[in-house]
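Hi,

Here is the structure I said I would pass on. Have a look at it first, and then read my notes below.

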Amino acid sequence: MNTSPRLDVIGLVVSDMAASLAFYRRLGLEIPVESDTAAHVEAALPGGMRIAWDTEEVIRSFDPGWARPEGGDRIGLAFRCASPQEVDATYESLVAAGHRGHLKPWDAVWGQRYAVVLDPDGCGVSLFAQAEA
């Protein structure tokens, strides 16, 4: 029997649940619309992991000294796209919806089409695809 801890949930603390969920829905995560008013939301990810969102108020309810992090990204999420064209289209779709682009799509030296968009809380979310040969 393996008794080692196993990564099971990626948790995000958000200031505006509806805005955050709308952003991640645009990236293909299946999250019911009625979740927009919840204080805690979870969604299944491929491979059996989960992603969860908690409002800042939920975190403060059990950790009264919690403060919003400052000084840059603490965690990075990266979404694989099917093609370099999908990286470009997804980036443009998110920016057109009002989200802030951080790095416009470019051909990275490590062989990927790569871009970064900021989620509603300012966390960088990478979009990438294997470059076409």
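This is a predicted model: local features need pLDDT of at least 70, side-chain atom pairs count only at pLDDT 80 or more; totals for chains, interfaces and linings use all residues.

Which residues does Y24 touch, not counting residues up to four places away in sequence? They are L12, L29, I31, W53, L77, F79, D119 and V125, where a touch means heavy atoms within 4.5 Å.

Before the rest, a word on the source. Residues are numbered from 1 along each chain as its sequence is written, and side-chain values use heavy atoms, leaving out hydrogens and water. The chain's mean pLDDT is 92, with 96% of its residues at 70 or more.

Y24 also turns up in the largest nonpolar core, which has 25 residues; Y24, W53 and L127 touch the most other members. Such a core is a set of buried (under 20% relative accessible area, 1.4 Å probe, protein chains only) Ala, Val, Leu, Ile, Met, Phe, Trp, Tyr and Cys residues joined through side-chain atoms within 4.5 Å.

The structure holds 1 cavity of 30 Å³ or more, a cavity being a set of points on a 1 Å grid over the protein atoms alone where a 1.4 Å probe fits but cannot get out. Y24 is in the lining (residues with an atom within 4 Å of a point), along with L12, I75, G76, L77, D119, C123, G124 and V125.

Cheers

Technical notes:
Buried means under 20% relative accessible area, exposed over 50%, partly exposed in between (1.4 Å probe, protein chains only). On a 1 Å grid over the protein atoms alone, a cavity is a set of points where a 1.4 Å probe fits but cannot get out, and a pocket is an open set with protein on both sides within 12 Å along at least five of seven lines; lining residues have an atom within 4 Å of a point. Grid points are joined across faces, edges and corners, and a volume is the space filled by probe spheres set on the points. pLDDT is the predictor's confidence in each residue, from 0 to 100.
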